[in-house]
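Work through the exercises below with the structure in view. Each task is followed by a worked solution.

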Amino acid sequence: MLRAFFGRHKTASTWARSILHDAAHALGLKILTIHVPNQWAGHATVGDYVRAERPDILVMTNVTQAQFETLPPLRGLNVIRDPRDIIVSGYFSHRNSHPEQLMGIVWEELVEHRRVLAEVDVEAGLLAEIEFSGVFLDPMCEWNYANPGVLELRMEDMVADPYAHWTRALTHLDLLVPGPFDRLRNAACTWNLADRRSTPRVPALARRVLPRVPLRRLPQAYVAGALARFSFERLSKGRRPGRRTCTATTGAGWQGTGATT
């Protein structure tokens with residue numbers, strides 16, 4: 001059965017994508033990431049595109065309920081966040097740092113929005129951000145939070161206790177099964193991921209020429225390792241969850257309530 005992750009803009013989706021892509025590599029699974037409708041051009045629905053591509057894991061950002069209903073049966077995760085934090089996080093990110101191009105596709109709306117944010121003060125900028133972020137917030141309002149097979153998670157809870165919630169998430173996706181052979185699975189997982197690491201150097205080089213070991217489920221130890229490799233501090237180059245720096249208008253630091261990735 002298809003496994004799927006549904007993220008929302010500014011709900012730590014980069015963090016989740018990093019862990020899921022890593023897990024897919026360890027297990028030898030095909031993963032498909034979809035950000036914009038242009039990616040399924042030529043197909044009537046995103047569901048038709050997914051059926052044609054036949055991924056093992058699907059990652060979709062800003063999915064709508066209507067799009068979800070076209071997908072094949074799946075086990076999924078849907079992560080949401082307090083809309084107020086999405087607005088504040090979005091304001092600073094869209095003004096200062098968010099890429100204007102993703103997967104070769106220019107986000108034209110962000111280019112114009114960033115120009116507007118650069119010309120106004122924080123209060124006016126936040127009002128502009130509310131309007132701009134409607135495209136992300138509306139699908140959250142319209143979402144059916146009782147979709148079959150979908151585990152609903154809050155980003156705030158995942159940041160507060162990442163080990164417990166990622167264990168729950170990966171178990172729900174049937175990617176992780178703790179058991180008596182965990183040490184063997186951990187050794188196989190470490191080997192399979194060696195070509196994605198720079199150290200230890202010898203296994204990393206050897207793995208690039210030697211095949212992966214068959215592995216159907218991740219070991220329990222994978223969770224702690226993945227959280228260390230893909231910590232918020234590493235992904236944000238040292239910034240802690242909730243810390244945003246407003247250099248644009250006030251020049252002052254600003255302390256928020258949750259991770260901003």
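**Exercise 1. Count the helices and strands, and state what share of the residues is buried.**

Step 1. The protein has 13 helices and nine strands. Helices (H or I, at least four residues) and strands (E, at least two) are DSSP runs, numbered from the N terminus.

Step 2. Of its 261 residues, 48% count as buried. Buried means under 20% relative accessible area, exposed over 50%, and partly exposed in between (1.4 Å probe, protein chains only).

A note on the model: it is predicted, local features need pLDDT of at least 70, side-chain atom pairs count only at pLDDT 80 or more, and totals for chains, interfaces and linings use all residues. Residues are numbered from 1 along each chain as its sequence is written, and side-chain values use heavy atoms, with hydrogens and water left out.

**Exercise 2. Find the residues that touch the most other members of the largest nonpolar core.**

Step 1. A nonpolar core is a set of buried Ala, Val, Leu, Ile, Met, Phe, Trp, Tyr and Cys residues joined through side-chain atoms within 4.5 Å.

Step 2. The largest one holds 34 residues, and Trp166, Leu170, Leu218 and Tyr222 touch the most other members.

Step 3. Elements that give two or more residues to this core include strand 3 (57-61), helix 9 (162-172) and helix 12 (221-229). Helix 1 gives the most, with eight residues.

**Exercise 3. Describe how helix 9 meets helix 12.**

Step 1. Their axes come within 10 Å and cross at roughly 125 degrees. Axes are lines fitted to C-alpha atoms, for helices over the stretch in contact, and angles run from 0 to 180 degrees between N-to-C directions.

Step 2. The angle makes helix 9 oblique to helix 12. Angles under 35 degrees count as roughly parallel, over 145 as roughly antiparallel, 65 to 115 as roughly perpendicular and the rest as oblique.

Step 3. Helix 9 supplies Pro162, Tyr163, Trp166, Thr167 and Leu170 to the contact (heavy atoms within 4.5 Å). Helix 12 supplies Tyr222, Val223, Ala224 and Leu227.

**Exercise 4. Is Gln67 buried or exposed?**

Step 1. Locate Gln67 in helix 3 (residues 65-68).

Step 2. Its relative accessibility is 19%, so Gln67 counts as buried.

Step 3. Leaving aside neighbours within four places in sequence, Gln67 is in contact with Trp40, Val46, Met60 and Asn62.
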